Amino acid sequence: MSEDKDYPVSTLRHSTAHLMASAVKELYPNVQLGIGPAIEDGFYYDFLTEKPFTPEDLTKIEKRMRDIVKRKASPFVRDEMSKEEAKRFFDEQGESLKVELIEETPEEEVFSTYTHQTPQGPFIDWCRGPHVPNTKVLKHFKLTKLAAAYWRGDEKRPQLQRIYGTAFFEQEELDDYLKRLEEAEKRDHRRLGRELGLFLISSEVGVGLPLWLPKGAMLRRTLEEFIRTELLKRGYQPVVTPHIAKADLFRTSGHMTAYAESMYPVMDREHEEFVLKPVNCPFHIQIYKSQARSYRDLPLRFAEFGTVYRWEQSGEVGGLTRVRGFTQDDAHLFLMPEQLREEFKRNVELVLLVLNRLNMTYTARVGFRDPNKPDKYVGSSEAWEQSQGALLAAVQELGEEMGMAYTVEEGEAAIYGPKLDFMVKDAIGRQWQLGTVQVDYVLPERFNLEYTGPDGNPHRPVMIHRAPFGSFERFVGVLIEHFAGAFPLWLAPEQVRLLPIADRHQEYARGVAERLKADGFRVEVDERVERTGFKIREAQLHKIPYMLIVGDNEVESGSVSVRARDAGDLGPTPVEDLIARLKQEQD
């Protein structure tokens, strides 16, 4: 590494966050400082201000940052002080948010500050560090966007203004990143969702509660049919469960304590407490318990497209990727311990089938519980050791057989067991967590599940929780951005649009549409009195895979003039040849 790069990029970005905070304090002295960490691909800093920042403010702040850097190099100087000294100093500076953080920090921690010089004097921030040597190192940065965030993630606390930015060692790296951001903006599923008529978020319904429009519902149904066909092949049995249940069901599962912040409030009716379900598993457990089970019945596989409800803070809800009501392609398997490895492998193969069908690359992440935060989870240490060992053994075997690379990360487990998550890369390199397979020794114990073994004695089953899509909402949001709304033929809500040139061609166009529909294709006829060029441009904006233009020549010859979204003008084609082409592409 050169001298400029003799530290991680996260350090570079954290230092740039301090630089940004100093510029904000120079321009807006009454603003209070929150926190400013480095994050993946960049950094942010939160500020308490009476007047929200604007894009124009962002431009001013970035200019002031560059002005500070152009001056004589100012080192980042580290100092230490006692807790009382730190509280007193930041209280005198009017930084009440910093004082709150300091008060909650244990006495034994080192209280360090970092100082760098600006045209108006020293900027001092309470921070663990580390930082780059000096401000001259901070050459290649860009402020990217504004957002709002509640202080400490608590919606009852003040709403802060969050400024995001990024920084790199080289200008070329920054330019590449900004190009990716520009491409991400073009692919934003919220914008494309509106333009393509897929879904909407109504303020009268509530944020985080999407409404599926006809084309979005068709896209979703196509995905459902795809996965339902695969489930039936693999011996899954469909079940349907209600949206609410008694609160005691979730007290038994442990969700009412370990998952309380994500659950909606309890509803008290006729001296009984009910809650909206945050998960489907306790319902499927009740179906398992509804009759005696033998080892001959196992494995049992219950599947449901189940809608669940989780409270997400308003500052974190966005589009389809973070919602408050969503549908999972959920399934729960009940099996003997000796069946675990084979069933786990089959579920991983199902997730990979989905991702490969959609041309998505992935990495696998094994999520274990955080041993330093036992209150986040339910179940005994023995059950966790058993489930983590069983999952890791299955993943290791898959790694050897299928060449599947994986990482192991503490703190990424579900509340009741370890899991294997699939981290999917979209077309522009962003990573999303989608499909998941989880191993559970805890809930069978909490609900006292049993089956009669070959020895005639009761035994405890093991559960697998799995969802290849994760949630339809998140999965569709990622797909929209991955394909930039230009879905492959089999998935497109509208696959073919017929464009009759004049009124006299409409009857023939309708006849062609009926023939295509009879073969299972999703077809519309644009009968509006508009110029053909206008209709073509609009169909292209709607990203229709195939446009079929019909005029006198086509009516006379029994053909259509084909225009493909990706390949352009394909010329006149007999209708039967077109149907054969579409079937081949769809298959």
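This note sets out points on the domains, helix packing, cavity and backbone of the structure above.

1. Basis of the note. The model is predicted: local features require pLDDT of at least 70 and side-chain atom pairs count only at pLDDT 80 or more, whereas totals for chains, interfaces and linings use all residues. Residues are numbered from 1 along each chain as its sequence is written, and side-chain values rest on heavy atoms, with hydrogens and water left out.

2. Domains. The protein chain is assigned domain 1 (3-183), domain 2 (194-243 + 277-482) and domain 3 (496-586); such bounds come from an automatic or database domain assignment. The centres of domain 2 and domain 3, taken over C-alpha atoms, are separated by 40 Å. Contact (heavy atoms within 4.5 Å) between these two domains involves 6 residues of domain 2 and 6 residues of domain 3.

3. Helix 1 and helix 2. Helices (H or I, at least four residues) and strands (E, at least two) are DSSP runs numbered from the N terminus. Helix 1 (residues 9-27) packs on helix 2 (residues 55-70) at about 110 degrees, with the axes 9 Å apart. Axes are lines fitted to C-alpha atoms, for helices over the stretch in contact, and angles run from 0 to 180 degrees between N-to-C directions. The two helices are therefore roughly perpendicular to each other (angles under 35 degrees count as roughly parallel, over 145 as roughly antiparallel, 65 to 115 as roughly perpendicular and the rest as oblique). Helix 1 contributes Thr16, Leu19, Met20, Ser22, Ala23, Val24, Glu26 and Leu27, which meet Lys60, Ile61, Arg64, Met65, Ile68 and Val69 of helix 2. By class, this contact has 9 nonpolar, 2 polar and 3 charged residues. Here Ala, Val, Leu, Ile, Met, Phe, Trp, Tyr, Cys and Pro count as nonpolar, Asp, Glu, Lys and Arg as charged, and the others, Gly among them, as polar.

4. Helix 7 and helix 14. The axes of helix 7 (residues 214-233) and helix 14 (residues 472-483) come within 11 Å and cross at roughly 110 degrees, which makes helix 7 roughly perpendicular to helix 14. Leu219, Arg220, Leu223 and Glu224 of helix 7 make the contact with Phe472, Glu473, Phe475, Val476 and Leu479 of helix 14. This contact has 6 nonpolar, no polar and 3 charged residues.

5. Cavity. The whole structure holds 1 cavity of 30 Å³ or more. On a 1 Å grid over the protein atoms alone, a cavity is a set of points where a 1.4 Å probe fits but cannot get out, and lining residues have an atom within 4 Å of a point. Grid points are joined across faces, edges and corners, and a volume is the space filled by probe spheres set on the points. The largest cavity has about 30 Å³ of space, and Arg341, Phe344, Lys345, Ala394, Glu397, Leu398 and Glu401 line this cavity. Helix 11 (340-357) and helix 12 (381-402) each supply at least two lining residues, with helix 12 giving the most, 4 residues. The lining divides into 3 nonpolar, no polar and 4 charged residues.

6. Backbone. The peptide bond from Gly129 to Pro130 is cis, with omega near -5 degrees; Pro130 sits in the loop between strand 6 (121-126) and strand 7 (140-150). Leu298 and Pro299 are also joined by a cis peptide bond, with omega about 5 degrees, and Pro299 is in the loop between helix 10 (281-289) and strand 15 (300-309). Glu270, a residue other than glycine, has a positive phi near 50 degrees.

Technical notes:
On a 1 Å grid over the protein atoms alone, a cavity is a set of points where a 1.4 Å probe fits but cannot get out, and a pocket is an open set with protein on both sides within 12 Å along at least five of seven lines; lining residues have an atom within 4 Å of a point.
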